[in-house]
Amino acid sequence: MSDIVQEPTSEATPENASHPPVTPEERFATIVEALLSNPDITPPSDGPQSKKGFGSSGLRINNKIFAMLVKDKLVVKLPKPRVDALIASGKGERFDPRHDGRLMKEWVSVAQTSEEEWLDLSREAMEFVASQR
């Protein structure tokens with residue numbers, strides 16, 4: 001028997017054990033920074049002249065949206081079978097941009113607490129959208 005007493009922690013993992021929690025905005029900014037090395041990527045435009053509405057804060061490849069932050073969740077465009085698999089595994093939910101029950105079959109919303117890595121999903125989405133020329 002060990003004499004070590006562990007304090008209960010909230011979501012203690014090797015990644016965040018010594019770092020404060022990262023906000024969804026910070027996580028998305030990290031994704032943007034990581035993917036901007038691709039010359040075909042357009043970052044979200046948050047300036048006063050930027051458009052509002054679907055995808056206004058989204059990452060684009062060849063002028064097509066592939067990832068965005070919506071209500072603190074990563075939303076990415078992936079093939080329908082991949083979206084279905086993420087939903088079936090409990091790692092994501094179908095995206096409902098209008099909040100009226102009309103779900104998008106190729107878009108998945110992933111919470112920050114999901115086991116799925118946001119950067120990996122964003123790269124996967126980027127490759128999927130880029131292949132749809």
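In strand β6, K77 has W107 as its bridge partner. This pairing belongs to a predicted model. Strands β4 and β6 are joined by four bridges and run antiparallel.

**K77 and strand β4**

K77 also has a salt-bridge partner, E106, with the closest N and O atoms 3.8 Å apart. That pair links distant parts of the chain: K77 sits in strand β4 (residues 73-77), E106 in strand β6 (residues 104-110), and 29 residues separate them. Is K77 buried or exposed? K77 is buried, because its relative accessible area is 18% and the cut-off for buried is under 20%. E106 has a relative accessible area of 23% and is partly exposed.

How much of β4 is buried? Four of its five residues are, so the strand is largely enclosed by the rest of the structure.

β4 has another neighbour. Strand β3 (residues 64-70) pairs with β4 in the antiparallel sense, over four bridges. Within this pairing, M68 stands opposite V75 of β4. The hairpin of β3 and β4 has two residues between the strands, and K71 takes a positive phi near 50 degrees there.

**Salt bridges**

How many salt bridges does the structure hold? It holds nine. Three of them are described in this report, including the K77 pair, the K80 pair and the R82 pair.

| Salt bridge | N to O distance |
|---|---|
| K77 and E106 | 3.8 Å |
| K80 and D84 | 2.9 Å |
| R82 and E124 | 2.7 Å |

Take K80 and D84. Both lie in helix α2 (residues 80-88). They are four residues apart, about one turn of the helix. K80 is partly exposed, with a relative accessible area of 36%. D84 also counts as partly exposed, at 27% relative accessibility.

Now take R82 and E124. Their side chains meet in a salt bridge at 2.7 Å, N to O. Where do the two residues lie? R82 lies in helix α2 and E124 in helix α3 (residues 118-130), so the pair ties together parts that are 42 residues apart in sequence. R82 is partly exposed, with a relative accessible area of 26%. E124 is partly exposed as well, with a value of 27%. Which residues form a network here? Salt bridges that share partners join R82, K91, E116 and E124 into one network.

**D96, a charge without a salt bridge**

D96 lies in the loop between β5 (93-95) and β6. D96 is buried, yet it has no salt bridge. Why is R98 not counted as its partner? R98 is the nearest side chain of opposite charge, but it is 5.7 Å away.

What does the side chain of D96 reach instead? It reaches the backbone nitrogen of H99, at 3.0 Å. Leaving aside residues up to four places away in sequence, D96 touches G101, R102 and L103.

**Recap**

K77 forms a salt bridge with E106.

Methods: Residues are numbered from 1 along each chain as its sequence is written. This is a predicted model: local features need pLDDT of at least 70, side-chain atom pairs count only at pLDDT 80 or more; totals for chains, interfaces and linings use all residues. Side-chain values use heavy atoms; hydrogens and water are left out. A salt bridge is a side-chain nitrogen of Lys or Arg within 4 Å of a carboxyl oxygen of Asp or Glu. Buried means under 20% relative accessible area, exposed over 50%, partly exposed in between (1.4 Å probe, protein chains only). Two strands pair if DSSP finds at least two bridges between them. Lys and Arg count as positive and Asp and Glu as negative; His and the chain ends are not counted. A polar contact is a pair of N or O atoms within 3.5 Å; within protein, one must be able to donate a hydrogen and the other to accept it, and residues adjacent in sequence count only if both atoms are side-chain atoms. Contact means heavy atoms within 4.5 Å.
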